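Welcome! Have a look at it first, and then we can go through some of its features together.

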Amino acid sequence: MSTFLTLKKSNCKNCYKCIRHCPVKSIRFSANQAHIVDNECILCGQCFVVCPQDAKQIVSGVEKAKVLLQSKVPVIASIAPSFIANYEGIGIESLRRALKKLGFFDVEETAIGATIVKNEYDKILKEGYSDILISSCCHSVNLLIQKYFPNELKYLANVMSPMQAHCTDIKKRYPNAKTIFVGPCVAKKDEGERYDDIVDCVLTFEELSDWLKEENITLENVVEEKNENSKTRLFPTSGGILKTMACDAEGYNCMAIDGVENCISALKDIENGKISKCFIEMSACVGSCISGPIIEKKHCSHIKDYILVNNYAGKNDFEVQEEDSVFYQKNFAPINVNKMLPSEYEISQILRQMGKTKKSDELNCGSCGYNTCREKAIAIYQGKAEISMCLPYLKEKAESFSDCIVSNTPNGLIVLNEQCEVQQVNDAAKKMLHIRNDSDILGDQIVRILDPVPFLKVLETRVNLKNEKVYLAEYNKYVEQSIIYDSNYHLLICLMRDVTEEVVAKNKKETISKQTVEIADKVVDKQMRIVQEIASLLGETAAETKIALTKLKESIKDE
């Protein structure tokens, strides 16, 4: 299957919204990015609709359409009947004028093909060969049955979709023509490519709108007469197929089901033999085609859109020239999804890695996008999910890790709210501040145990205090205190490191050093005094000797 839904670079990270809304869980996560698993996807477009970052994009067919228009053959557009909901107030004549400016040969309504299809359904029901008959208009429903309920393919009507029936009819009337379908559905792109030589190109309403804007072509509100031969314009509404059918086959119950989840539920009932003798109109979109993914991406107004379609539809059928039923037959083959399934042991081992060792640990909260923890484990085995996608697991792991650090750190930790009320206190802080139990202080003002001034200062200035030495006189302790304000959670976090021993040791060292200096000074002073005394004595002796020698010298000279 070609990729018509792709991922573009965007802020796709840890959201899981697409997998929560994907009815068949055909999304794989790798490196925090979502990737569509093509062979499992049914192209319902829900991931495109719900993505908050617009990370999913639909592959455009505009360039292919432009190439077709450059050819010398007539190109005819088949416009899905939901166009009246997408282009409010714009009728088929307005679209015909606008598209002819683009180069189209003509524009027709897909509802013409819908008339052929609904007639074929009535024929099959009247023949009574099929116990259960499921409409084949919605390609997403067809893919759902082909991929996930292959045993129920025998109940899927082997009739073309309105798009195919109309394009076949166009090519019957214009043998060399090319057809381009325009509608609200991404799945039609796959249907157009999967069945060659019927539809040459498929565009979404959004692509057509962008193309018209690019060419500066405005859709004009052209007044047109009510066409009463247009009953199948009701096809895109919920139950619209049934409203156009005779539904007079004896013994059959006719019902409409929309939404993939509801379709899956009905198919399971059929699989289990709980349903018989009925015709089921199935649509992947809740509200049917007027709520298609390309319409819903713009707006969601089911009631208003239904009224627009209902008022535009006539009371009678389009006039069509039908061929034999064989001409409109369409065969559906099973599509192998190739999902590897783990053993019970492998599932239990994966659950164990997710921290789920017993049944009560399996919360089935759905935060990862999967309905149950077991489904998530299977997806992990298949390489579509990661263990880190489990929110309770991550939360417990983070809490366990942080609790381990908080409980075992030798530093005191006190957490306050903006009212300076104690919210958390660890064992080290309780020991440091002589607090017996958490309940003795939790919820109380910090003033009960510490000076509130530095906390109020940080709260007022939003300037953190770091490694400020404080003497806690009441506890006879010295601490190195840091107060940090967390603006995200509006909390004050106080970290205290007991430095009493360091300060005492430092003070003792300083005292010893001071005493040593004093003793040294005293020794020096004493030594200096001794030196001075010796010097004094030596000076007196030297003077006396000098006098004596001088006298001796003089006496020798006299002789």
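Which residues are buried in helix 9? They are Ala187, Lys188, Lys189, Asp190, Glu191 and Gly192. Please keep in mind as you read on that this is a predicted model.

**A salt bridge between separate parts**

- Asp200 and Lys171 join their side chains in a salt bridge, with N and O 3.0 Å apart.
- Asp200 sits in the loop between helix 9 and strand 9, while Lys171 belongs to helix 8, so this pair ties together parts that lie 29 residues apart in sequence.
- Are Asp200 and Lys171 buried or exposed? Both Asp200 and Lys171 are buried.

**Salt bridges within a helix**

- In helix 3 (residues 62–70), Glu63 and Lys66 are 3 residues apart, which means that about one helical turn separates them.
- Glu63 and Lys66 form a salt bridge in which the closest N and O atoms are 3.8 Å apart, within the 4 Å limit for such a pair.
- Glu63 counts as exposed because its relative accessibility is 54%, and the cut-off for that label is over 50%.
- Lys66 counts as buried because its relative accessibility is 19%, and buried means under 20%.
- Helix 18 (residues 427–432) holds another such pair: Asp427 and Lys430 are 3 residues apart, so about one helical turn lies between them.
- The side chains of Asp427 and Lys430 meet in a salt bridge at 3.2 Å, N to O.
- Asp427 is partly exposed, with 45% relative accessibility, whereas Lys430 is buried, with a relative accessible area of 13%.

- How many salt bridges does the count come to? The count comes to 27 salt bridges.
- A network of salt bridges links Glu108, Asp169, Lys172, Arg173 and Glu323.

How values were computed
Residues are numbered from 1 along each chain as its sequence is written. This is a predicted model: local features need pLDDT of at least 70, side-chain atom pairs count only at pLDDT 80 or more; totals for chains, interfaces and linings use all residues. Side-chain values use heavy atoms; hydrogens and water are left out. Buried means under 20% relative accessible area, exposed over 50%, partly exposed in between (1.4 Å probe, protein chains only). Helices (H or I, at least four residues) and strands (E, at least two) are DSSP runs, numbered from the N terminus.
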